[in-house]
Amino acid sequence: MLFMQKPTELVISQAPNNIQVHRLPRVPMRKIHRDSGLWIFRWGSNHAFRDANSAYTYNNRYFEFYCISHMFSGNGFYWRPGQDVLPVKAGQCILASPGTEHNYGPAPHSDYQEDTLNFTGPLADMMFKSGVFADGIYDLGPARRLSAIFNSLSDPSDHAQLNAGLALQQFLYDLYNKRFREHGRERYPEIDELLKLLREQPERWWSIDEMAAYCNMSDDQFRRVFRKRVGMLPKLYVDRMKLNHAAAMLTGTRLSIAEIAEKIGYTDQYHFNRRFKEIMGMPPGHYRRDSFRH
């Protein structure tokens, strides 16, 4: 049974292919949620128990909304079609996005206690598309971090609802940054070292061969790992990093455009101007004028 501070109707139906569908609630969205782009509509704590003789059930299901489940006590499982069943331990959380077929619940002969939160909206879609929200199991720790969001949600005022949305975003970004750091440091520490050098030496041009060699990888492996780690290919990252330095100097110094171009490794100001416009959306001179105008 799900205990909620503010109940909404949970509608579960069966799709033609026998997939269980958890529907969005029928209650209308409040204006504050529509304007902010984030609607948290169901939240609370759930306690379930599976008998020792009970078999796992892996019926396909999906949600029409985003779901966070933090198991703070007991043992559970997480399953997706075509993948092995994974154990879920106390302190781990499960993220499920709309339309993703999955199932999770208590392991045999185990109490399963969770804090769970469901939400939707354009802001949630943006976090999903950008990779901030990603399906799977994550280590969160035993502290019941969702309960602070529950406390805000129990207050129906617009102010409290906005703060609950902000707290949810912070929670997801914290989880994303933790995942980002752990992926790089544990598997590819050389990438972090390279990124530090790229930031510290904006005047240097690195070839793909040089960067791959620095990380002890082949060119193809380096491109693949770098893109997964950073979210873009290495050449684009280097260009953006250099031009971010240039943008800061355009608004924070009196250096000429030619001097700024030279400081980030461009010997040809025409090439610098063209690339700056491609990446930043306007020529460097316009960027400097518009920044001072604002």
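This is a predicted model: local features need pLDDT of at least 70, side-chain atom pairs count only at pLDDT 80 or more; totals for chains, interfaces and linings use all residues.
1. Helix 5 contributes I191, D192, L194 and L195, and their partners in helix 7 are F222, V225, F226, R229 and V230. Sorted by class, this contact holds 7 nonpolar residues, 2 charged residues and no polar ones.

2. How do the two helices cross? Two packed helices are described by the angle between their axes and the distance between the axes. Here the axes of helix 5 (residues 189–200) and helix 7 (residues 219–230) come within 11 Å, with a crossing angle of roughly 75°. Angles of 65 to 115 degrees count as roughly perpendicular, and helix 5 and helix 7 are therefore roughly perpendicular to each other.

3. The loop that leads from helix 6 (208–214) to helix 7 contains N216. The phi angle of N216 is near 60°, a positive value in a residue that is not glycine. N216 is exposed, at a relative accessible area of 65%.

4. H109 belongs to a loop as well, the one between strand 9 (103–106) and strand 10 (110–120). Its phi is positive, about 60°, although H109 is not a glycine. Is H109 buried or exposed? With a relative accessible area of 58%, H109 is exposed; the cut-off for that label is over 50%.

5. Helix 10 covers residues 269–280, and its length can be checked. At 1.5 Å a residue, its 12 residues should span 16 Å. The expected span is 1.5 Å times one less than the number of residues.

6. Which residues of helix 10 are buried? They are F272, R275, F276 and I279. Viewed down the axis of helix 10, these buried residues fall within an arc of 105°, so they line one face of the helix. Y270 and E278 are exposed on the other side of helix 10. As background, an α-helix has 3.6 residues a turn, so residues three or four places apart point the same way.

7. Helix 3 (residues 146–153) can be read in a similar manner. Its L146, I149, F150 and L153 are buried. Around the axis they cover an arc of only 105°, which puts them on the same side of helix 3.

Definitions and conventions. Residues are numbered from 1 along each chain as its sequence is written. Side-chain values use heavy atoms; hydrogens and water are left out. Axes are lines fitted to C-alpha atoms, for helices over the stretch in contact, and angles run from 0 to 180 degrees between N-to-C directions. Helices (H or I, at least four residues) and strands (E, at least two) are DSSP runs, numbered from the N terminus. Angles under 35 degrees count as roughly parallel, over 145 as roughly antiparallel, 65 to 115 as roughly perpendicular and the rest as oblique. Contact means heavy atoms within 4.5 Å. Ala, Val, Leu, Ile, Met, Phe, Trp, Tyr, Cys and Pro count as nonpolar, Asp, Glu, Lys and Arg as charged, and the others, Gly among them, as polar. Buried means under 20% relative accessible area, exposed over 50%, partly exposed in between (1.4 Å probe, protein chains only). The arc is that of the directions from the helix axis to the C-beta atoms.
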